[in-house]
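Biologist: Please show the sequence and the structure, and then let us go through some side chains one by one.

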Amino acid sequence: MSSTLAGAFGIAALFVAVLALVFAIQALRAQSGVPKPAAKLPAAPQPQPQVQSAPQPEAKPGTVKSELRRLSKELEDARSELRDTLQHLAVVRYDAYGDMGGRLSWSMALLDDNGDGVVLTSINSRNDARSYAKEVKSFESESKLSPEEGEALETLRKEAAQPRHTPGQS
């Protein structure tokens, strides 16, 4: 079979699958009594105000409304968990010794949204390498930090002070 003919069959199969999906959605709407949407969709999604109101009645299981509520709750739970993960990273590379080039030594800060985490350092010379780990709480360490470790930590502190853009905001 030629690639052109196979491509034509693939496109036809995709068209049939999309058509079947449209009919299935319409059948589910008719079965659940959900009205058909208007023919014209809005140009952009309108932001929903974050106003606390009386709890809304529970939607029927399996409806679009109930699925949206479930997904919204799951998304908020995931965002909450994400705040406690080590997701912010800053690396400073440098020459720890004057006799070596190439900036082979490094300090790296790994922090969560609260400024908690760790600073890792690897100091490399011609003869050996040393590694250090220092705990960080609220962008501060009880251990004395080297200038490079402090620089990595300060980079993340400045990033945390800037307002973060979240999806859905303009």
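Predicted model: local features only at pLDDT ≥ 70, side-chain atom pairs only at ≥ 80, totals over all residues.

Biologist: How many salt bridges does a search of the whole structure find?

Modeller: A salt bridge is taken as a side-chain nitrogen of Lys or Arg within 4 Å of a carboxyl oxygen of Asp or Glu. With that criterion, the number found in the whole structure is nine.

Biologist: Which residues are linked with Arg-70 in a network of salt bridges?

Modeller: The network has three members, and Arg-70 is one of them. The residues linked with Arg-70 are Glu-67 and Glu-74.

Biologist: Why are Asp-77 and Lys-73 separated by about one helical turn?

Modeller: The two form a salt bridge, with their closest N and O atoms 3.3 Å apart. Helices (H or I, at least four residues) and strands (E, at least two) are DSSP runs, numbered from the N terminus. Asp-77 and Lys-73 are about one turn apart because they lie in helix α2 (residues 64-82) with a spacing of four residues.

Biologist: Is Lys-73 buried or exposed?

Modeller: Buried means under 20% relative accessible area, exposed over 50%, and partly exposed in between (1.4 Å probe, protein chains only). Lys-73 has a relative accessible area of 52%, so Lys-73 is exposed.

Biologist: Which parts does the pair of Arg-157 and Glu-140 tie together?

Modeller: Arg-157 forms a salt bridge with Glu-140, the closest N and O atoms being 3.3 Å apart. The two parts are 17 residues apart in sequence, because Arg-157 lies in helix α3 (residues 147-161) and Glu-140 in the loop between β4 (129-136) and α3.

Biologist: What is the N to O distance in the salt bridge of Arg-157 and Glu-154?

Modeller: Both residues lie in helix α3, three residues apart, which is about one turn. Arg-157 is partly exposed at 28% relative accessibility, and Glu-154 is partly exposed at 29%. Their N to O distance is 2.4 Å.

Biologist: Is Ser-105 buried or exposed, and which residue has its backbone nitrogen 3.0 Å from a polar side-chain atom of Ser-105?

Modeller: Ser-105 is in strand β2 (residues 105-111). With a relative accessible area of 1%, Ser-105 is buried. The backbone nitrogen that lies 3.0 Å from a polar atom of the Ser-105 side chain belongs to Asn-124.

Biologist: What separates the C-alpha atoms of Leu-104 and Arg-93?

Modeller: Leu-104 lies in the loop between β1 and β2 and is partly exposed at 43% relative accessibility. Beyond its neighbours within four places in sequence, Leu-104 is in contact (heavy atoms within 4.5 Å) with residues including Arg-93 and Asn-124. Leu-104 and Arg-93 are eleven residues apart along the chain, and their C-alpha atoms are separated by 6.8 Å.

How values were computed. Residues numbered from 1 in each chain as written. Heavy atoms only, no water. Polar contact = N/O pair within 3.5 Å; in protein donor to acceptor, adjacent residues only side chain to side chain.
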